[in-house]
Amino acid sequence: MPGSRYNYKKDGNCWEYRTGLEKVLIAATLTAVIVVIILIVLVISISKQDKSHTTGYAIAPEPIIYANKIADIEQSIDPTVDPCEDFYKFACGNLLKRANGDENLGTFFVIQENSRRQIDEIYNESIWREEHRIVGLAKKMYKHCMNESAVEREGLQTVTDVLDKLGGWPVLKGVIWDESNFSWLQTQYLLRELGYFYSQFLTVTVETDPKNDQKFILQVSFPAFDDFGAELFEKQRFMVDVALAFGADEGRALIDIAKVLEFMLDIKREVFLRENDEPPQRVSLSEIQKRYEFINWIEFMHNIIGPSIRISIHDHILFPPLNTLKKWYDFIQNTPKRIQANYMIWKVLEKIIPNVPKLQKLQFKSSPKISRSSYCIDEVRKHFTPNPIDVMYVRRRLPLKRRDMIKKIIADMKAQLRMLVERTPWISTPDKYKIITRINGSTEIIGAPSDLFEDEIFDDMSTDWTVPKNDSYLELLSHIERSRQTWLYNQMYYRKSEVEIAKWKITTSSGIGDYLYDKNVFILPATLFQKVVFDEEKPLYFNYGSMGTLMAHHFLQLLGESSSFFDHDGNIIEPPSNLSTTLLFRKPDCLVRQLNTNVSKFMLDSLLPQALGLQLSYSAFRKNHAATMDSSIEPYSSEQLFWISAASYFCQPSNDDLNDKDLFSLLVSVPMRNNQHFGRDFNCTSGTRMNPKERCDLFV
């Protein structure tokens with residue numbers, strides 16, 4: 001090219017004719033492309049790992065009705081049965097035939113088994129760098145517990161080291177034990193610091209302040225004493241055998257243990273004598289210090305409650321009646337130090353023994369046979385409150401979108417419940433107001449309290465965490481327990497509602513959740529929400545049908561119509577007497593005639609909630625999602641699939657011959673045949689079994 005600064009040849013390697021800058025830019029571009037490709041590969045790889053450890057559950061087979069696609073409902077339905085004559089056999093017949101009596105294929109077992117496997121999977125995951133430390137600690141504790149050979153190998157030595165830190169167990173030391181170095185108060189402080197049981201003589205707990213039930217106060221009290229039964233000889237022999245396992249002289253052990261047992265009887269007698277004393281007194285530390293100087297109470301409180309709470313002499317504490325406290329102190333002080341020390345150390349060993357296989361084998365009573373995995377999971381749950389693994393299970397199973405969908409279905413059913421109450425003629429206007437107010441004020445805890453979905457709870461739980469000096473199971477356990485106790489005392493700073501998260505458990509007293517009447521709260525555990533109960537990918541009629549069955553009993557309790565109620569701790573409380581809609585037992589004669597048999601109270605208590613739940617969920621679905629009613633699956637309409645979904649919850653295989661008096665059959669057929677919509681949806685002729693001429697209108 002004339003006049004051009006550069007003359008290129010058409011043959012030869014073009015790289016030779018590049019300038020230095022061009023060569024650098026080309027090389028840099030190629031390098032950048034390679035780096036980007038590598039990063040993309042890494043991101044894909046990491047995301048797969050994250051997904052595997054986030055959702056990698058070992059899930060049990062779903063019930064046959066949901067084994068494949070939703071359209072495969074024929075796997076459950078027996079089309080040879082007329083749904084207008086026996087709907088249970090129609091909806092569940094094919095499943096029950098192929099299950100051949102295997103109860104493990106039933107809905108209830110699958111829910112339980114799936115949740116168990118899903119939780120187990122989290123315990124067996126690797127400890128991930130990005131997860132919270134407290135979650136990693138729970139996993140680590142489980143993995144250490146599962147290593148039985150290491151626990152067996154290290155157990156006795158770890159316990160021996162603890163005994164040495166405490167100045168030795170007099171049973172082992174014999175005559176060389178020096179009582180001048182022993183103080184039961186200092187030993188209690190040391191046990192609290194080490195993370196072992198420390199409440200042998202005095203205990204400190206967080207209680208509701210009697211002057212303000214929305215605040216908390218520390219309480220000093222005598223420990224409960226309920227572990228001494230009539231089996232005196234067996235307990236003595238066991239205690240001696242434990243001492244021998246550590247190398248004690250049998251003669252010396254027999255003498256020392258006999259004195260400890262006698263002391264335990266004395267304690268029991270002292271506790272019994274104090275049972276009818278006056279209630280605890282609210283006293284400032286300065287006041288009690290002036291009146292009873294035998295204990296430095298500021299020092300005592302600081303050593304027990306840990307470093308996070310600072311107590312001043314002006315703070316008020318709940319104490320036993322002061323004269324009673326003095327008598328208790330004198331009783332302990334008048335006991336020889338050797339007996340004090342032997343008793344305190346035995347109480348420590350009692351807590352440790354289940355975690356030391358060699359010592360556990362010495363017990364006369366055989367423990368129930370459970371798998372090592374189940375045992376280790378139970379141990380984690382004992383030492384973490386709440387249990388981080390259970391919290392992670394709830395977070396994974398019930399993300400916000402899923403919880404909101406469940407709450408929407410419940411809210412829709414509540415709206416229908418309000419309408420039912422409003423149009424029920426036999427409920428007085430004042431009672432209607434009370435009931436509707438209660439319905440409007442009710443709340444739900446889906447899986448767990450909202451605070452447990454934030455990592456702040458884990459930060460609080462690990463406030464007082466210290467790293468163990470060695471990696472043995474018992475050493476790790478003691479550090480976890482030390483941190484747990486500090487966390488429990490730290491609840492002094494929380495609101496009343498926040499403290500209750502420490503009481504949270506993944507399971508409830510009832511398999512289908514609880515309704516806490518005193519708090520007007522539905523507690524629905526995350527373990528319930530397997531796909532057979534709720535699946536956001538299914539058409540809405542499936543979820544409304546199964547959720548109506550799930551919530552049925554809870555709604556009846558909300559109305560005050562139940563024979564049992566639960567408090568926050570799962571204890572049965574008396575049913576309320578000031579709220580009754582008289583919904584129950586209005587139609588028993590009708591049901592007796594319809595079933596042609598006596599209807600027990602148990603059967604009524606089972607049938608009426610199902611009738612209510614179906615009515616509410618069906619009405620809620622039709623009102624709020626009528627536009628989706630055309631999402632049918634040939635040859636069944638959406639309305640028919642609603643009823644099939646509701647019935648599928650009770651498709652329970654049994655070794656007994658299926659008949660129309662079977663409990664699960666009745667739970668399906670009776671509420672449906674008495675619902676005016678069922679016969680219409682299946683075009684049942686009037687007078688058929690599922691569309692009787694005389695319908696028991698259990699709820700208006």
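Predicted model: local features only at pLDDT ≥ 70, side-chain atom pairs only at ≥ 80, totals over all residues.

Residues are numbered from 1 along each chain as its sequence is written, and side-chain values use heavy atoms, with hydrogens and water left out.

Q: Why is the aromatic pair of Phe-201 and Tyr-343 called stacked?
A: Rings of Phe, Tyr and Trp (its six-membered ring) pair if their centres lie within 6.5 Å, and planes under 30 degrees apart count as stacked, over 60 as edge-to-face and the rest as tilted. For Phe-201 and Tyr-343 the values are 5.6 Å centre to centre and 25 degrees between the planes, so the pair is stacked.

Q: What does the pair of Phe-201 and Tyr-343 tie together?
A: Phe-201 lies in the loop between α7 (184-194) and β1 (203-209), and Tyr-343 lies in helix α13 (residues 337-352), so the pair ties together parts that are 142 residues apart in sequence. Helices (H or I, at least four residues) and strands (E, at least two) are DSSP runs, numbered from the N terminus.

Q: Why is the pair of Tyr-541 and Phe-542 called tilted?
A: The ring centres of Tyr-541 and Phe-542 are 5.1 Å apart and their planes stand at 40 degrees, so this pair is tilted.

Q: What makes the charged end of Arg-403 count as sitting over the ring of Phe-453?
A: A charge sits over a ring if NZ of Lys or CZ of Arg is within 6 Å of the ring centre and within 35 degrees of the ring normal. The charged end of Arg-403 sits over the ring of Phe-453, 3.6 Å from its centre, and that of Lys-351 sits over the ring of Phe-197, 5.0 Å from its centre.

Q: How do you know that His-554 is buried?
A: Buried means under 20% relative accessible area, exposed over 50%, partly exposed in between (1.4 Å probe, protein chains only). His-554, which lies in helix α22 (residues 540-558), has a relative accessible area of 1%, and therefore it is buried.

Q: Which residues does His-554 touch, not counting those up to four places away in sequence?
A: With contact meaning heavy atoms within 4.5 Å, His-554 touches Ile-512, Gly-513, Asp-514, Tyr-515, Phe-522 and Leu-524.
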